[in-house]
Amino acid sequence: MAILGIETSCDETGVALYDARRGLLAHRLYSQVALHAEYGGVVPELASRDHVRKLWPLVDECLAEAGMSRPDISGVAYTAGPGLVGALLVGAAAGRAMAWALGVPAVGVHHMEGHLLAPLLEADPPEPPFVALLVSGGHTQLMQVDAIGCYRLLGQTLDDAAGEAFDKTAKMMGLPYPGGPELARIAERGVAGRFRFSRPMTDRPGLDFSFSGLKTQVLLAWQDSDQSGQTRCDIARAFQEAVVETLAIKSERALRDSGARTLVVAGGVGANLDLRARLAALSERTGVRVCFPRPAFCTDNGAMIAFAGALRISAGQHEPEAIGVHPRWDMATLPAL
Ligand code: ATP
Ligand code: MG
Ligand code: FE
């Protein structure tokens, strides 16, 4: 039962082979960061074209690594949304065509369900019910997960996503594209306590977030400062602390409200070391289990899509023989397994 997973929702081409019995057999990732760097952001049409160029070679590399050939593939999973429509269509068309040629089922996977399930690829996987904190470049959501496929939104950002706030703040302070991970890196050298930013919306009830005001606070602090290298690190540290503490406070609140004893964290910001440490401390203090994917599976990858697709295909789900994508897609509308 080897399932081929294809991820092309944005600017990384991810491919993987997952087998329900043997686990992850192979995975490959190609990042288009260098292609988009000169524009300071993802250019959708360039992204689509590069997926076309990179996808099949990555599929062949995965098959070679797993010691398999195309007829050994028993199902295909591709990201069907949300994401850039042209980029999604490349993966959907390739995945659908491959499945049709091989006479195997294909399933369109929700990108955020892929992120959410990535921690389940690790040893001793958590089991529902749990609360999921999804923190990526386009989303910041707290989800109640009663079963795989049954997702209830508890709260979300009203403006910028956490990763987007990292990226935009980095850009404001002149860090190279893509700024988020670089901002986290320089925050390590920052002096604690020199700057302090607010923890937005933690002083009122509810589980929604807002990160756009924080970005403005940082801009004003940066403009008012000497703009030295050390100041940049100090501001980065204070910004990261504000985001991380806000995420931790709301996650703890969601756990308390739901009564769940497990928190699952996923999405690119899940790779943040400060967030991992802060939630590990929460786990120590409260006894709640906190599960992360390995850092490489926090950001976009094919493994999470192969895994989510394998679960859905094993449950007998598959798509009609047509190519369809959903650039916007509400996770609460997904069928249960
Ligand atoms: P979405 O999944 O919502 O469609 P996306 O696919 O672009 O968005 P991901 O690939 O999950 O998002 O994650 C990328 C985001 O994670 C970027 O915004 C990036 O800045 C952020 N990110 C990656 N590493 C770190 C880190 N170490 N600290 C903070 N943010 C990080
Ligand atoms: Mg990306
Ligand atoms: Fe993503």
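Helices (H or I, at least four residues) and strands (E, at least two) are DSSP runs, numbered from the N terminus. The structure is a predicted model, in which local features need pLDDT of at least 70, side-chain atom pairs count only at pLDDT 80 or more, and totals for chains, interfaces and linings use all residues. Residues are numbered from 1 along each chain as its sequence is written, and chains are lettered from A, with ligands numbered from 1, in the order in which they are written.

The secondary structure of the protein comprises ten helices and ten strands. A compact globule of 337 residues would have a radius of gyration near 20 Å, and the protein agrees with this at 20 Å. That radius is taken over C-alpha atoms, and the globule rule is 2.2 Å times the number of residues to the power 0.38. Along the principal axes, the C-alpha atoms fill a box of roughly 60 × 45 × 30 Å. Of the 337 residues, 51% are buried. A residue is buried if 20 or more other C-beta atoms lie within 10 Å of its own, exposed if 12 or fewer, and partly exposed in between, with C-beta atoms placed from the backbone. Two residues are in contact if their C-beta atoms, placed from the backbone, lie within 7 Å. Among contacts with a separation of 6 or more, 73% link residues 24 or more positions apart.

Helix α2 covers residues 44-66. Its 23 residues should span 33 Å at 1.5 Å a residue, and the end C-alpha atoms agree, being 32 Å apart. The expected span is 1.5 Å times one less than the number of residues. A kink of about 35° lies at K54, shortly before the proline P57. The bend at a residue is the angle between axes fitted to the seven residues ending there and the seven starting there. The buried residues of α2 are A47, D50, H51, K54, L55, L58, V59, C62, L63 and A66. An α-helix has 3.6 residues a turn, so residues three or four places apart point the same way. The buried residues of α2 pack against β1 (2-7), β2 (12-19), β3 (23-31), α1 (33-37) and α3 (85-102). Just after α2, G67 takes a positive phi of about 65°.

Two of these packing partners, β2 and β3, form a hairpin with three residues between them. The two strands run antiparallel and are joined by eight bridges. Two strands pair if DSSP finds at least two bridges between them. G14 stands opposite L29 in β3.

An open sheet is formed by five strands in the order β8-β7-β6-β9-β10, with mixed pairing. β8 (150-156) and β10 (289-291) stand at the edges with a single partner strand each, so one side of each is left without a neighbour in the sheet. The twist averages 25° from one strand to the next. Axes are lines fitted to C-alpha atoms, for helices over the stretch in contact, and angles run from 0 to 180 degrees between N-to-C directions. Within the sheet, β6 (residues 130-135) and β9 (residues 262-266) pair in the parallel sense over four bridges. V131 has L263 as its bridge partner in β9. Helix α8 (residues 229-258) packs on the sheet, touching β6, β7 (140-147), β8 and β9, and its direction makes about 155° with that of β6. Helix α9 (residues 273-286) also packs on the sheet, touching β9 and β10, with its direction at about 155° to that of β10.

V265 lies in strand β9. V265 is buried, because 27 other C-beta atoms lie within 10 Å. Leaving out residues up to four places away in sequence, V265 touches L133, G270, L279, V290 and F292. The C-alpha atoms of V265 and R276 are separated by 9.0 Å, with the two residues eleven apart along the chain.

Most residues other than glycine have a negative phi, and most peptide bonds are trans. The peptide bond from G81 to P82 is cis, with omega near -10°. P82 lies in the loop between β4 (73-81) and α3. The bond from P128 to P129 is also cis, with omega near 5°. P129 lies in the loop between α4 (111-117) and β6. D124 is placed in the loop between α4 and β6. D124 is not a glycine, yet has a positive phi of about 50°. D124 counts as exposed, with 6 C-beta neighbours inside 10 Å. M201 lies in the loop between α6 (179-187) and α7 (212-223). Its phi is near 65°, a positive value in a residue other than glycine. M201 is buried, with 20 other C-beta atoms within 10 Å.
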